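Hi everyone, thanks for coming. I'd like to walk you through one structure today, so please have a look at it with me.

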Amino acid sequence: MKLSRPVSWFLLAFGVWSWFIWITFVKNLWQDGSGLAFDGAGDPTGYFWVHLTLAVVSFLLGTAIGVLGFRGVRALRREQPDQQV
């Protein structure tokens, strides 16, 4: 299967965006002072575990999608070595 240039760049950008967003979210989750992520004793709550699981899954999917986009961009550049991209 061959990806077009716009699709390849979109997938690559989505992977990078996913990492940026979820790293920020996990940092905020870890530093939560509202009592949602950690109870009074400092132990993680169900909210913490559910959202950490969502973040890990999103990291994995973002990485897979970004790799597909990167491979698509790289393949397009190999096909047209005489043009500056």
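Let me begin with a question: does Pro6 count as buried or exposed, and at what relative accessibility? Before I answer, please keep in mind that this is a predicted model. Pro6 counts as exposed, because its relative accessibility is 61% and the cut-off for exposed is over 50%. As for its place, Pro6 sits in helix α1. Now look across to Gly69: this residue is 63 residues away from Pro6 along the chain, and the two C-alpha atoms are separated by 9.6 Å.

Staying with helix α1, which covers residues 5–30, we come to Trp17. Trp17 is exposed too, with a relative accessible area of 52%. What does Trp17 form together with Phe20 and Ile21? The answer is a nonpolar patch on the surface, and the accessible area of the three together is about 340 Å².

Let's move over to helix α2, residues 46–79, where we find Thr63. Thr63 is partly exposed, as its relative accessible area is 35%, which lies between the 20% and 50% cut-offs.

Another residue of helix α2 is Thr53. Thr53 has a relative accessible area of 47%, so this threonine is partly exposed.

Finally, the pockets. What volume does the largest pocket have? About 200 Å³. Its lining includes Met1, Lys2 and Leu3, and also Leu68, Arg71, Gly72 and Arg74. Ala75, Leu76, Arg78 and Glu79 line the largest pocket as well. Sorted by class, that lining has 5 nonpolar residues, 5 charged ones and 1 polar one. For those of you who like the picture behind such a search, rolling a probe the size of a water molecule over the atoms shows where empty space is left.

That's my tour, thank you!

Terms used. Residues numbered from 1 in each chain as written. Predicted model: local features only at pLDDT ≥ 70, side-chain atom pairs only at ≥ 80, totals over all residues. Heavy atoms only, no water. Patch = residues over 30% accessible without salt bridge, like charges linked within 9 Å, V, L, I, M, F, W, Y side chains within 5 Å. Areas by Shrake-Rupley, 256 points an atom, 1.4 Å probe, with all protein chains shown as cover. Salt bridge = Lys/Arg side-chain N within 4 Å of Asp/Glu carboxyl O. Helix = DSSP H or I, 4+ residues; strand = E, 2+ residues; numbered from the N terminus. Buried < 20%, exposed > 50% of the residue type's maximum accessible area, 1.4 Å probe, protein only. 1 Å grid on protein atoms, 1.4 Å probe; cavity = no way out; pocket = protein on both sides within 12 Å on 5 of 7 lines; lining within 4 Å. Points joined across faces, edges and corners; volume = space filled by probe spheres on them. Nonpolar A, V, L, I, M, F, W, Y, C, P; charged D, E, K, R; others polar.
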